[in-house]
Amino acid sequence: MRVLLCDDDLGRWAPGHVGTMDPEALALAYAYPELTEGQSWVRANFISSLDGAAAGDDGRSASLNTGADRDVFALLRALSDVILVGAGTARIEGYQRATVRPPWLEHRAGRPAHPTVAVVSRSGDVPPQLSRARDNAGEVLLVTCERAGNEAVDLARRTLGEGNVIVEGEASVDLASALDALASRGLRRILCEGGPHLMRDLTASGRLDELCLTLAPTLVAGDHPRITAGASVTANLLPRLLIESQGTILGRWSRP
Ligand SMILES: NC(=O)c1ccc[n+]([C@@H]2O[C@H](COP(=O)([O-])OP(=O)(O)OC[C@H]3O[C@@H](n4cnc5c(N)ncnc54)[C@H](OP(=O)(O)O)[C@@H]3O)[C@@H](O)[C@H]2O)c1
């Protein structure tokens, strides 16, 4: 891996690491900023083809993945307290409870061994593979809204645990309130793994601090989703870090 650009006043990455992006340097490059009491940081992570597709012909993002992207995907999970994911992505991508593996385990010191997955759903329908118990894996929370109705919320409480359901908002999840609810549980390093509809709503909420975007060196054409979907919303971000690895470009973009 080689660093193409580093203009970062947020992380703890040192320029001396240029050209030597071993796991330790990579972890510093993607470190969350120091957070003050009660503050949280919302980072999103996506992969896109060169022509802007967020999924390949199988309807999943896995067909776009490269080795460098898989490494950073796993690292970002290890650095996070909670993985926020839309129910659509959780269903399509077959999400399970999260597990952190070597070489990233050391980043869990002083925290639960694995990050929590918080699945965002309007219907309150938790994908079954997330409800299922999994050895040596993180917790699951449902983040939903009034529209889900009592039956779905009660079912989720019985399945996931009484305290593992957050209800914020009416027709849709009020993401700003939901992020505050996560922070009040100590889940302040937030990693949103999409998908496009959740990413759009997160952008509209004004609470997106940072986008980690992998550009896969591939054209796929076809009719595929982009990394955002839904009504227009604009957020301007600045490049903080660009890394190249075997043709894959990995970047961190954050608020000015
Ligand atoms: N390239 C990448 O990095 C990447 C990352 C993630 C996903 N993807 C791709 O994106 C596609 C899926 O797209 P998608 O837009 O359907 O994904 P999504 O945003 O994960 O799922 C949409 C669903 O999430 C819930 N949701 C989202 N925002 C909500 C809000 N504000 N309030 C309440 N519920 C909310 C709703 O769930 P309910 O239906 O349960 O109400 C909604 O139907 C797949 O092809 C996947 O592979 C790509």
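The model is a predicted one: local features need pLDDT of at least 70, side-chain atom pairs count only at pLDDT 80 or more, and totals for chains, interfaces and linings use all residues. Residues are numbered from 1 along each chain as its sequence is written.

## The sheet

Let us start with the strands. Helices (H or I, at least four residues) and strands (E, at least two) are DSSP runs, numbered from the N terminus. Two strands pair if DSSP finds at least two bridges between them. Strands of a sheet pair through backbone hydrogen bonds, either parallel or antiparallel.

Here 10 strands build an open sheet with mixed pairing, in the order β1-β9-β10-β8-β2-β7-β3-β4-β5-β6. At the edges are β1 (2-6) and β6 (165-167), each of which pairs on one side only. From one strand to the next, the twist averages 20°; axes are lines fitted to C-alpha atoms, for helices over the stretch in contact, and angles run from 0 to 180 degrees between N-to-C directions.

Strands β2 (residues 41-48) and β7 (residues 189-192) run parallel and are joined by four bridges.

## An enclosed strand

Is β5 enclosed or open? Five of the five residues of β5 are buried, so this strand is largely enclosed by the rest of the structure. A residue is buried if 20 or more other C-beta atoms lie within 10 Å of its own, exposed if 12 or fewer, and partly exposed in between, with C-beta atoms placed from the backbone.

In a regular strand the side chains alternate between the two faces of the sheet. Both faces of β5 are covered, with V140, L142 and T144 buried on one side and L141 and V143 buried on the other. β5 pairs with β4 in the parallel sense over four bridges, and A118 stands opposite L141. Three bridges join β5 to β6, also in parallel, with I166 of β6 as the bridge partner of V143.

## Around the ligand

Which residues come nearest to the ligand? Of the 31 residues around the ligand, these are G86, G88, R122, G194 and G195. A residue is near a molecule if its C-beta atom, placed from the backbone, lies within 6 Å of it. The elements giving two or more residues to this shell are β2, α3 (87-92) and α7. By class, the shell has 14 nonpolar, 11 polar and six charged residues. Ala, Val, Leu, Ile, Met, Phe, Trp, Tyr, Cys and Pro count as nonpolar, Asp, Glu, Lys and Arg as charged, and the others, Gly among them, as polar.

The buried residues of helix α6 (residues 175-184) are L175, A178, L179, L182 and A183. They cover an arc of only 140° around the axis, which puts them on the same side of α6; the arc is that of the directions from the helix axis to the C-beta atoms. Just after α6, G186 has a positive phi of about 85°.

Two peptide bonds are cis, as the table shows.

| Peptide bond | Form | Omega |
|---|---|---|
| P102 to P103 | cis | near 5° |
| G194 to G195 | cis | near 5° |

P103 sits in the loop between α3 and β4, while G195 belongs to the loop between β7 and α7.

N136 is not a glycine, yet its phi is positive, about 55°. This residue lies in the loop between α4 (128-131) and β5 (140-144), and N136 is exposed, with 10 other C-beta atoms within 10 Å.

## A buried loop residue

A53 is found in the loop between β2 and α2 (67-79). Is A53 buried or exposed? A53 is buried, as 24 other C-beta atoms lie within 10 Å. Leaving aside neighbours within four places in sequence, A53 is in contact with S48, V220, G222 and H224.

Key: Contact = placed C-beta atoms within 7 Å.
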